[in-house]
Amino acid sequence: MTHFAAAMTTELTLLAWTLVLALVQILLPATLRTGETGVSYNASARDHEGPPVGKITGRLQRAQSNLFETLPVVATAIVIAHFAGRNGALTWWGAMLYFWARIVYLPLYALGIPYIRSVVWLVSLLGIILILVAILLPAA
């Protein structure tokens, strides 16, 4: 067990925290939706459509979908970099940019703030690109 703890990089730690963020992004809209539909509907088989999704709930659901579109890519890239021994400044910055941009993105989306949200999303994409560059291009 100590061997694995010693191998824990910043990139893997940020990936683990991104998974915590993913759980938060599952629970937030689910909790709001339960408030909109009631516990009985949420516990049911939901064979009929419930009341319309609220504005904030919908935004949180879309933010969750957005995270889940990129999470497999960044997670795989971080794991490849780790096992290939390609961790370095690019993967460190990439993981940092991705994680912190995803943290900032959530409230921006929930509050319905345009443009800045898109720029923050681009920062998270830049993070993924930096990690991919580190694993695909030969080291200098």
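Student: What makes Asn66 count as buried?

Tutor: Its relative accessibility is 13%. Buried means under 20% relative accessible area, exposed over 50%, and partly exposed in between, with a 1.4 Å probe and protein chains only. At 13%, Asn66 therefore counts as buried. Bear in mind that this is a predicted model, where local features need pLDDT of at least 70, side-chain atom pairs count only at pLDDT 80 or more, and totals for chains, interfaces and linings use all residues. Residues are numbered from 1 along each chain as its sequence is written, and side-chain values use heavy atoms, leaving out hydrogens and water.

Student: Which residues is Asn66 in contact with, leaving aside neighbours within four places in sequence?

Tutor: Arg102, Tyr105 and Trp121, where contact means heavy atoms within 4.5 Å.

Student: What makes the link between the side chains of Asn66 and Trp121 a polar contact?

Tutor: The distance is 3.4 Å. A polar contact is a pair of N or O atoms within 3.5 Å; within protein, one must be able to donate a hydrogen and the other to accept it, and residues adjacent in sequence count only if both atoms are side-chain atoms.

Student: Where does Asn66 lie?

Tutor: In helix α4. Helices here are DSSP runs (H or I, at least four residues), numbered from the N terminus. α4 has 29 residues and spans 42 Å from first C-alpha to last, close to the 42 Å expected, which is 1.5 Å times one less than the number of residues.

Student: Where does α4 bend?

Tutor: At Leu71, by about 35°, with a proline, Pro72, following within four residues. That bend is the angle between axes fitted to the seven residues ending there and the seven starting there.

Student: Why is the pair of Tyr105 and Tyr109 called edge-to-face?

Tutor: Rings of Phe, Tyr and Trp (its six-membered ring) pair if their centres lie within 6.5 Å; planes under 30 degrees apart count as stacked, over 60 as edge-to-face and the rest as tilted. The Tyr105 and Tyr109 centres are 5.6 Å apart and their planes sit at 75°, so the pair is edge-to-face. They are four residues apart in helix α5, so about one helical turn separates them.

Student: Are Tyr105 and Tyr109 buried or exposed?

Tutor: Tyr105 has 5% relative accessibility, so it counts as buried. Tyr109, at 12%, counts as buried too.

Student: And what makes Trp100 partly exposed?

Tutor: Trp100 has 48% relative accessibility, so it counts as partly exposed.

Technical notes:
Helix = DSSP H or I, 4+ residues; strand = E, 2+ residues; numbered from the N terminus.
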